[in-house]
Structures are given as C-alpha cells and as structure tokens.
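Here are a few quick notes to go with the model you asked about. Have a look at the structure first, then read on.

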Amino acid sequence: MVSPSEEASCPICALHCDRDELKAHEVWRSDLWLLRHHPSPAPLPGWCLLDSLRHIGGPISFLPEEAQDWGVVVQRASQLVLAVTGCERVYVIAFGEGARHLHLHLIPRSADDPRTSAWKIADLYRDVEAGKATSASSVCVKDWLLRARALAPSLLS
Ligand SMILES: [Zn+2]
C-alpha cells in the first residue's frame with residue numbers, strides 16, 4: 001500500500017503537476033501513462049521516460065487494465081524513440097529506486113556511439129549527472145520533441 005505521505009513527497013508525482021516541466025518535455029499521455037523526454041540535463045536526445053500516472057512502484061502493483069495495456073504502450077513508445085532518433089535499438093530499464101514511482105527509461109542505443117552499449121550507458125548517465133560528460137543540447141532535444149509529438153498521435157493513440 002502507498003501511504004499519502006509517500007505520494008506527497010514523490011518527485012514523479014510532483015513532476016506530473018509541474019506545468020512548465022510538462023510543457024517542455026511531455027511527448028504523449030493516455031488515461032494510464034505519460035511519455036516524456038528526460039529532463040535537462042538529458043544524457044542523449046531521445047532518452048525518454050514512460051511513467052505510470054498512478055503512484056505505483058512498478059508492474060507488481062498494476063491494476064488489471066494497466067497490466068493489459070503495458071505491453072502495447074512499451075512497444076509503441078519504443079518504436080517512437082527508434083523512429084525519431086534513428087537509433088538501432090531501444091533499451092528499457094526500470095529500477096524505481098531514485099523515485100519509487102514507475103518511470104521506465106527508454107534509451108536509444110546507437111551502434112556508432114560506444115557510450116550507449118549495455119552497462120556503459122549507466123556510466124554515461126552518471127557522468128552527465130555529475131557534469132563530467134556533455135549532456136544533449138537543448139536545441140537537439142527541442143527538435144527531437146517536435147518530431148516525436150508529430151508522430152505520437154498516429155503511433156500511440
Ligand atoms: Zn509518485
């Protein structure tokens with residue numbers, strides 16, 4: 001069970017109420033899910049998060065309708081990241097540790113960028129977070145978002 005105090009202090013729930021952040025990074029939403037680009041600093045253009053709108057720690061807490069919809073939405077959101085980014089693969093990772101609210105990382109894997117290979121992606125993430133590696137430029141992220149928002153209705157709705 002989720003206590004009201006846990007939900008009140010959740011950074012993902014807070015982000016879902018932050019109009020400026022959503023205006024800047026939201027790609028698509030349904031009654032159950034919110035797809036958004038990684039906030040700044042983003043490790044890569046196209047690095048997205050697929051959030052449950054409900055405050056839940058992960059798939060173990062899905063309602064039946066969330067469990068039924070999850071596979072389709074993860075597939076289509078991954079297809080969107082691949083199509084817009086032009087990468088070869090899309091990694092999906094969810095720890096739910098930094099914030100105990102389901103936020104699935106959708107990570108573009110490009111063969112020509114060795115920093116994106118398997119667990120090296122975790123090193124890139126930490127280096128960008130610590131300011132030791134360059135983050136994705138805001139111009140690239142804005143361009144990515146324009147193209148993703150244009151494609152999302154046909155792919156995800
Ligand atoms: Zn939450």
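**Notes on the sheet**

1. Start with Tyr91, which stands opposite Ile107 in β5. Strands here are DSSP runs of E with at least two residues, helices are runs of H or I with at least four, and both are numbered from the N terminus.

2. A word on the source: this is a predicted model, where local features need pLDDT of at least 70, side-chain atom pairs count only at pLDDT 80 or more, and totals for chains, interfaces and linings use all residues. Residues are numbered from 1 along each chain as its sequence is written.

3. β4 runs antiparallel to β5 (residues 103-109), and five bridges join them. Two strands count as paired if DSSP finds at least two bridges between them.

4. β5 also pairs with β3 (residues 48-52), again antiparallel, over four bridges. In that pairing, Leu49 has His105 of β5 as its bridge partner.

5. Is β5 mostly covered or mostly open? It is mostly covered, with five of its seven residues buried (20 or more other C-beta atoms within 10 Å of the residue's own, C-beta atoms being placed from the backbone).

6. Now the whole sheet: five strands make an open, antiparallel sheet in the order β1-β2-β3-β5-β4. β1 (26-29) and β4 (89-93) are at the edges with a single partner strand each, so one side of each has no neighbour in the sheet.

How values were computed. A residue is buried if 20 or more other C-beta atoms lie within 10 Å of its own, exposed if 12 or fewer, and partly exposed in between; C-beta atoms are placed from the backbone.
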